[in-house]
Amino acid sequence: MKKIISMLLTLCLMVSVTAAFAEGDETSMIGNTEESAATTLVVYFSATGNTKPLAEYAASYLSADLYDIVPAEPYTDADLNYNNNSSRSTIEMGDNAARPAIDGLIESIEQYDTIFIGYPIWWGEAPRIINTFLESFDLSGKTIVPFCTSASSGLGSSARMLQAKYGETSTWLDGKRFSIGTDENTIIEWIDGLELFTEAE
Ligand SMILES: Cc1cc2nc3c(=O)[nH]c(=O)nc-3n(C[C@H](O)[C@H](O)[C@H](O)COP(=O)(O)O)c2cc1C
């Protein structure tokens, strides 16, 4: 009888020790998942598709989340005609207060430390929908990395204007303008050279 009781006690002990280990494993797995969660977001607006692949290269290289800013009212070719003074894009860019609505705005950007933001240059500036995006969230403590494509204009004043308006509580890196059709390696070299990542090494 004593033998049976002692065997039963040993069995109980083994079961509880195994259960404790299993629990421990589970906890550490949850911990790892949290640690590896993406903290970089690549956001872009691309009306005619030139900026989009660059954002995709960046997100893929950084293993970052990618978010496409989709206008609630899509831009037609006529809307984008900058030779027409009364086209939608010309009117919006002539109005500092224009804030075109975004379709399916990302709910929160809280979890991201670093946000790359890509856009085309329109009349030397970022399209107003970029203002809509930046005004939709609290950017406090975030690092913003602007980049753009254009026919010939630099990033210069577009990023300076955004930083002046939204950069009080966030850190803005210099950013870069890319020509249309820039390849993946050029984007990777740019990212590798950013202070943001060289500092951490
Ligand atoms: C309304 C509008 C205004 C533009 N203004 C400029 C400009 O001021 N300077 C420039 O170099 N390119 C200008 N462009 C060209 C775009 O910046 C260029 O084609 C860009 O790569 C488009 O990017 P996306 O295809 O991602 O929209 C303009 C294009 C549009 C549609």
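**Why Leu54 is called buried, and what surrounds it**

Reader: Why is Leu54 called buried?
Author: Leu54 has 27 C-beta neighbours inside 10 Å, and a residue is buried if 20 or more other C-beta atoms, placed from the backbone, lie within 10 Å of its own, exposed if 12 or fewer, and partly exposed in between, so Leu54 counts as buried. This is a predicted model, in which local features need pLDDT of at least 70, side-chain atom pairs count only at pLDDT 80 or more, and totals for chains, interfaces and linings use all residues. Residues are numbered from 1 along each chain as its sequence is written.

Reader: What is Leu54 in contact with, leaving aside its neighbours within four places in sequence?
Author: With those neighbours left aside, the contacts of Leu54 are Gly118, Phe147, Thr149, Phe178, Thr182 and Ile187, where contact means that two C-beta atoms, placed from the backbone, lie within 7 Å. Leu54 and Phe178 are 124 residues apart in sequence, yet their C-alpha atoms are 8.7 Å apart in space.

Reader: Which residues have the most contacts inside the largest nonpolar core?
Author: They are Val42, Val43, Ala58, Phe116 and Ile130, in a core of 34 residues; such a core is a set of buried Ala, Val, Leu, Ile, Met, Phe, Trp, Tyr and Cys residues joined through C-beta atoms within 7 Å. Helix H2 gives the most to this core, with 6 residues, and Leu54 is found in helix H2; helices are DSSP runs of H or I with at least four residues, strands are runs of E with at least two, and both are numbered from the N terminus.
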